[in-house]
Amino acid sequence: MNKPWRRSRRVWLVAALIGSAAVSVSAANFLRDFLDSENPVKRGYAIVPAGVVLNLADKDRQLVGLGSYVVNTSGCVDCHSHPTYSPGGDPFKGEPERLNAEEYLSGGRQFGPTITSANITPDNAGRPAGLTRREFIQMMRTGHNPKDPPGTIVQVMPWPVYGKKTELELTAMYEYLRAIPSLPDNTHPGP
């Protein structure tokens, strides 16, 4: 008498295990795809502005991608590129977004009569804004540019906000800035 019941119980248990495994595989695939789509390194490479060619020689590719994500989603472009958008590429005018690759991060945004954002592209030695990584991180944390006299604090730039970023994020920003093209100071400064 108990054999048919045991057999149906086993069949049910096997079916439940197979169904559970299928759901687990499906959930794992969904989670993998979701995490892959949310990967900031991958996203960072996807949002490098069109026309900006990265030099990845001797660079940490993971840091470059993460740095692109941080730089391109944190407002750096708005202040350190003038104009921010190429003609016909201003999303605030309902146009498809196209960043100004020709003057990307070369500075030139003016804040009043005396403050102009710095060119943060690499110098001839490959250092963003002419700073070493240590100097860059210190400036982002303290607001003091080591090129300025002691006690001088960078104005306008939201260094108190950037200073809260992790060491990894600031290092990634620096690595990305090392990878972008070196440009002369912006020739079209303006508000």
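Axes are lines fitted to C-alpha atoms, for helices over the stretch in contact, and angles run from 0 to 180 degrees between N-to-C directions.

**What I'm looking at.** This is a predicted model, where local features need pLDDT of at least 70 and side-chain atom pairs count only at pLDDT 80 or more, while totals for chains, interfaces and linings use all residues. Residues are numbered from 1 along each chain as its sequence is written, and side-chain values use heavy atoms, leaving out hydrogens and water.

**Layout.** I found seven helices and two strands in the protein chain; these are DSSP runs (helices H or I, at least four residues; strands E, at least two), numbered from the N terminus. The order from the N terminus is α-α-α-α-β-β-α-α-α. Of the 191 residues, 37% are buried (under 20% relative accessible area; exposed is over 50%, partly exposed in between, with a 1.4 Å probe and protein chains only).

**The core.** Which residues touch the most other members of the largest nonpolar core? I got Leu54, Leu105, Met173 and Tyr176, out of 35 residues. Helices H3 (61–73), H4 (76–80), H5 (133–142), H6 (159–162) and H7 (167–179) each supply at least two residues of this core. The largest share, seven residues, comes from H7. A nonpolar core here is a set of buried Ala, Val, Leu, Ile, Met, Phe, Trp, Tyr and Cys residues joined through side-chain atoms within 4.5 Å.

I then listed the contacts (heavy atoms within 4.5 Å) of Tyr176. Leaving out residues up to four places away in sequence, Tyr176 touches Val48, Pro49, Leu54, Val64, Gly67, Ser68, Val71, Asn72 and Tyr104.

**H3 against H7.** The two helices pack at about 95°, with axes 7 Å apart, and are therefore roughly perpendicular to each other. The H3 side of the contact includes Val64, Gly67 and Val71, and the H7 side includes Met173 and Tyr176. By class I noted 10 nonpolar, four polar and two charged residues (Ala, Val, Leu, Ile, Met, Phe, Trp, Tyr, Cys and Pro are nonpolar, Asp, Glu, Lys and Arg charged, the others, Gly among them, polar).

**H5 against H7.** What is the angle between H5 and H7? It is about 125°, with the axes 10 Å apart, so H5 and H7 are oblique to each other. On the H5 side the contact is made by Arg133, Phe136, Ile137, Met140 and Arg141; the H7 residues include Leu170, Met173 and Leu177. This contact has seven nonpolar, one polar and three charged residues.

**Loop residues.** Is Pro128, in the loop between S2 (115–116) and H5, buried or exposed? Pro128 is buried, with a relative accessible area of 0%. Among the residues Pro128 touches are Tyr174, Leu177 and Arg178. Its C-alpha is 9.2 Å from that of Ala179, 51 residues apart along the chain.

Ser117 lies in the loop between S2 and H5 and is buried at 13% relative accessible area. Its contacts include Cys79, His80 and Phe111.

Lys164, in the loop between H6 and H7, is exposed at 67%. Lys164 and Met140 are 24 residues apart in sequence and 8.7 Å apart in space, C-alpha to C-alpha.

Definitions and conventions. Angles under 35 degrees count as roughly parallel, over 145 as roughly antiparallel, 65 to 115 as roughly perpendicular and the rest as oblique.
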